[in-house]
Amino acid sequence: MQLRLIKPAELEQAALLAHSIFRQVGDTSMKELFPLIFSPGYTHSYAAVAEDGNIAAFMGLVPSTIRTGEAFLNVFSIGAVCTGPAYRSQGLAGQLLQLCQTHAANAGASLIFVSGDRSLYTRAGCVPFGGTQFAELNASSAHALAAAAGEEWTLRPMQPGDFFAVNRLLNEREAGQVYSPGELALLLGAEAYAGVLGLSQRTLVAVRNGSIEGFAAMAVPAADVPAPSPATAVEWAGQPQAVAALLAKAALCGGVGTLQVPVPWQERSLLALLRDAGASLSAGANSGTVCIADREALLRQTEVCRKRSLDLSSVDDKELISLLFDPASPLRTSDSLGESEAIPLPYMSGLHFI
């Protein structure tokens, strides 16, 4: 058994293995849902390859950059983790995870985000992180939100000519994945998170005086098809009132019922609009788990976000993640560390879901 970087020619087999485990007959393929993992090119993913050349286990590893305030975090995301039935109980996934962690550290990444939270990851140092308010819009609160947002915008489906404007809005957020227009087009077309939920993706823009001021992508039930999951807002950007108008419109579409909106803690204006409209709110962590790839890289990449110099030598990795990214971290108000605000992160189950 070889455990190594997967070769581009082996990605097709890895996608088929992942599809056999995660998808049902008739579902969109894993290769289509996750082009950043399975498309040919310079790959970062790892596999366990049996002597006969079969992919026994696979772990997708995808690099990206997150902008938060003035800082840029170089990170990796892990997903599509799978082991063939004949090769289970051999510890292959744990060994692949160690290789991915070493790869990320050697590449200069600061963090590794994981879409799961099972013991495979928590034993390797992955922990919950950040803060999110989970809003739920029903018909009543959606009508109130629409009224509060006003009627200044024309709300319409996103069109190909909108990509530069929408990408600008996404890259202007306080915290978010850094997209190029080409990558944005790829991810919008893949509909990864909507596909995982068994829903269809709908993308809308809010236009005022010929300018796009809001964007939202939602995972919603397909027409005349029973919904396996609640409708969910996947990603959005722009003026809070424009985004609110788009969310309200999506929630009021036939067949949606209720719309789940996971709002990162830092989006206070949008949260205020949702709260005032009567949307139910519950607090929780961000999506999935995270571990530190390289502690020095993390401190270096977040230095511009930290308003004062702190002695972090006695803080372990779990505490450091809490201190940096958890808005409710008890460490932030301790006498030794002093008060400071958490570093905002995007909600990780968005268009860039891995």
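The side chain of Asn167 comes to 3.2 Å from the backbone oxygen of Tyr179, in what is a predicted model. Asn167 lies in helix H7, which spans residues 163–171. With a relative accessibility of 6%, Asn167 counts as buried, because the cut-off for that class is under 20%. Beyond the neighbours within four places in sequence, Asn167 is in contact with Tyr179, Ser180, Pro181 and Leu184.

Attention can now turn to two pairs of helices. In the pair formed by helix H10 (residues 240–251) and helix H11 (residues 268–276), the axes come within 9 Å and cross at roughly 45°. H10 and H11 are therefore oblique to each other, and the crossing of H10 past H11 is right-handed. On the H10 side, the contact is made by Pro240, Gln241, Val243, Ala244 and Leu247, while H11 provides Ser269, Leu270 and Leu273. Sorted by class, this contact has six nonpolar residues, two polar ones and no charged ones.

The second pair consists of helix H12 (residues 295–302) and helix H13 (residues 317–325), which pack at an angle of about 15° with their axes 12 Å apart. This angle makes H12 roughly parallel to H13. Here the crossing of H12 past H13 is left-handed. Arg295, Leu298, Leu299 and Thr302 from H12 meet Asp317, Leu320, Leu324 and Phe325 from H13. By class, five residues in the contact of H12 with H13 are nonpolar, one is polar and two are charged.

How values were computed:
Residues are numbered from 1 along each chain as its sequence is written. This is a predicted model: local features need pLDDT of at least 70, side-chain atom pairs count only at pLDDT 80 or more; totals for chains, interfaces and linings use all residues. Side-chain values use heavy atoms; hydrogens and water are left out. Helices (H or I, at least four residues) and strands (E, at least two) are DSSP runs, numbered from the N terminus. Buried means under 20% relative accessible area, exposed over 50%, partly exposed in between (1.4 Å probe, protein chains only). A polar contact is a pair of N or O atoms within 3.5 Å; within protein, one must be able to donate a hydrogen and the other to accept it, and residues adjacent in sequence count only if both atoms are side-chain atoms. Contact means heavy atoms within 4.5 Å. Axes are lines fitted to C-alpha atoms, for helices over the stretch in contact, and angles run from 0 to 180 degrees between N-to-C directions. Angles under 35 degrees count as roughly parallel, over 145 as roughly antiparallel, 65 to 115 as roughly perpendicular and the rest as oblique. A crossing is left-handed if the near helix is turned anticlockwise from the far one by less than a right angle, and right-handed if clockwise. Ala, Val, Leu, Ile, Met, Phe, Trp, Tyr, Cys and Pro count as nonpolar, Asp, Glu, Lys and Arg as charged, and the others, Gly among them, as polar.
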